[in-house]
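Open your viewer and get ready to select residues by number. This tour goes stop by stop.

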Amino acid sequence: MGCGVTKQNQKQIKKDRMPGIVVRAQFSELQSVFFPCQHSASFSVPAATAMRAALLIQRWYRQYVARLEMRRRCTWNIFQSMEYAGEQNQIKLYKFFSYLMDHFTPASSERNLIAHIFRENEVCRDAEWERYFNYKNIEVPEFYSGPHLNFPLTATNATELVEAFRTKQQLHSRYVLQLLVETWKLLRILPNINHVSTCHSKEITICGDLHGHLEDLLLVFYKNGLPSMETPYVFNGDFVDRGKNSMEILLILFAFLLVYPNDVHLNRGNHEDHIVNLRYGFTKEVLGKYRVHGKKILKLLQKIYSWLPLASVIDQKVLILHGGISDTTDLDIIAKVDRHRYVSTLRPPKQRKSSAKNKQSDQDSWDEDNMTRRRVRSMTYSSPGVSRPEVQRHSLQTLSSQVEEELRERRRRAGFSLSHGDLHNSLSSDSDSDPGENLETDAEDWKQVVDMLWSDPMPIDGCVPNEVRGGGCYWGPDITREVLEKHNLQLLIRSHECKQEGYEFCHNRKVLTIFSASNYYEVGSNRGAYIRLGPDLVPHLIQYQASRSTRDLTLRQSVGRTERSALRALREQLFAHKSDLISAFQEFDPEQTGLISLNHWATAMESVLQLGLPWRMLRSQLVNHTQDGKLNYQSWFKELAIMEPNTQLAHTNLLETLYKHHSNLETIFRIIDTDNSGLISFEEFRQTWRLLSSHLQIDISDEAISDLAQSIDFNKDGSIDINEFMEAFRLVDRTQQERSNSTLSGVHPHLLQSEHPTKTLLVSASPHFV
């Protein structure tokens, strides 16, 4: 045997998670690792040498773990920055729509495009709503093999529903509507703040964001038990969006709520909002799973969202809410808020003083829900025969400058002369009212709700607007202390933020964030967790990882996998901002050499993307080749491994706008698709782009838009499928596409054909159109 380390010892030395107690290892074990060719009988290692070796190993391991932790935190920053940037864009788009609503006449076609998403909760008799959501005429076919529900629900029904969803079965739309109607009836009698009591024989389980991750909910039930009188639960909002099983999660939670109304408590989150659902996937999920009755399901869910309680209090000492608090949070006010008026918390509701006018408006809304789909004219022309006051005659071409001027003025006022509370008031009260309508806004109630659903804690004292998300506020330890003392509370439990370990304490352990969706950004990116709270009100935290594959990964493998996913998403963002980045690079290259320093590269990256990322630390992952410390920025884009666009399909600027504002465009598509068919006409397609171009203050010609529409309409029926259009222009990683092509290379071309021409083009993996 040579004087080398054996395979078994190599395995021990290289194992990623070497225990930190090596210092206390026996000297004989150290001899076998460092001196395997010597026999203990003839060779003795002095104690000092062995201890020195152990300390070297420990130091190496600590440095190794520190480097991995640094990479993990950097990866986390990438995911979180892009998530918050998306939320900020969502709110900016919605504010732009609000501006359109406030500055265009009610009869204008511009308002007609988006008016339905701003409709407040109609005040109709229960009988009218039950007729609209009538499920009794929906027949369940004999061949249906999914779960059957009997009302009133029993614990057996709820348990069978969990098992059915575990085995990928789908609940029939008749049962879905019936379950939702019963849930709506129950929620209407619940208070804004649920009061829950513990006892010596049972603990209360608190779950955070689930975001459509059904496997996490099933794992919690497996580890902790199904909801029952002995096992009460509080689910703290954000049940839907992002994940693929949001509908199943809602149905499970609503079923157990109906069976155990005193032991299952649901708080509203910021994603229980139909406007947010348009962007983050839940609307698409419902329409995909329930094509016939999806519209009614979504309409009923809007009402259910608005009736969800806003908070829960355990033993009068622990406050549970989704987002957080602010310097104006008052639980007494929250308890009296008319919560069902807030169908969407992104816009304050406006209350009419005239009850007769209110009733007429509600009837108009009711009639509109039962009307067939209405096609509207081009947004740049007013409807024939409609007379509007001259002061209201705005066009979308001039609107963009007005929007920017107003937003700039609001930012100026917010930054120099407004407190956090005044900011909410200014955003809700400085727009003009429509002629002939006497409106008033209860800004204080709206502010209370928005802060509860959207706010985040910060480590320093104070309370400032949350400009990162675009809604709510950042509040500090002093605000936590004031609110808890005011209401005689000892702990605030909230969710709303993904945490790597599934939970996090802050503010001197007075605020606890709980997040229950593991693998939120990517498989292995984070753990999920839930809380068990007994009569002592000391939180016991249970962590888990829903994916079995991640539990078998070493720390290095887990970090590497998540890091690759984050960098892939970041490269897509870089490619989508290619023109802006090149312009920023050229400012540091006045002689047009095509080369810039790496410091200038990092500065330009942040100035364009504004993600707050450590670009200098990311250089090694994003920049592969340099010339004497200089970066050739034209060649660098080719190294990003992102599929190039097909400039033959449409104007290059149009395609780049599509890539950059992919989510905004899909949101507008789904807003304009009022009948939720998934199809829009050419005219609606042009109107969508006009709205987007006005919002972004960019000039896109009608010719370019028409060329794009015609290139997508493969079957020439004058309609465009929203889902396939968005999928067709999704940026993909070239390396992944090449692996996919190699997998499909041995498949006969006829097997790749699809009934729809777009799908055929997608699976054929054209190098320019994916």
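**Before you start.** This is a predicted model: local features need pLDDT of at least 70, side-chain atom pairs count only at pLDDT 80 or more, and totals for chains, interfaces and linings use all residues. Residues are numbered from 1 along each chain as its sequence is written, and side-chain values use heavy atoms, with hydrogens and water left out.

**Stop 1: the open sheet.** Helices (H or I, at least four residues) and strands (E, at least two) are DSSP runs, numbered from the N terminus. Two strands pair if DSSP finds at least two bridges between them. Now find the open sheet of 6 strands, in the order β1-β5-β6-β12-β14-β13. Its pairing is mixed. Which strands stand at the edges? Select 193-196 for β1 and 503-506 for β13. Each has a single partner strand, so one side of each is left without a neighbour in the sheet.

Next, select 311-314 and 318-320. These are β5 and β6, an antiparallel pair with 3 bridges. Ile314 has Val318 in β6 as its bridge partner.

**Stop 2: strand β15.** Select 528-533. β15 runs antiparallel to β2, joined by 4 bridges. Show Thr205 and its bridge partner Arg532 in β15.

Tyr530 stands opposite Ile542 in β16. The hairpin of β15 and β16 has 5 residues between the strands, and Leu537 takes a positive phi near 60 degrees in this hairpin.

**Stop 3: backbone exceptions.** Most residues other than glycine have a negative phi, and most peptide bonds are trans. Select His211, in the loop between β2 (204-207) and α8 (214-224). Its phi is positive, near 45 degrees. Is His211 buried or exposed? His211 is buried, with a relative accessible area of 1%.

Move to His496, in the loop between β12 (491-494) and β13. Its phi is positive as well, about 75 degrees. His496 is buried, at 4% relative accessible area.

Now show Phe151 and Pro152. A cis peptide bond joins them, with omega about 0 degrees. Pro152 sits in the loop between α5 (126-132) and α6 (155-166).

**Last stop: helix α23.** Select 615-622. Trp615, Leu618 and Leu622 are buried in this helix. Look down the axis of α23: its buried residues fall within an arc of 60 degrees, so they line one face of the helix. The arc is that of the directions from the helix axis to the C-beta atoms.

Technical notes: Buried < 20%, exposed > 50% of the residue type's maximum accessible area, 1.4 Å probe, protein only.
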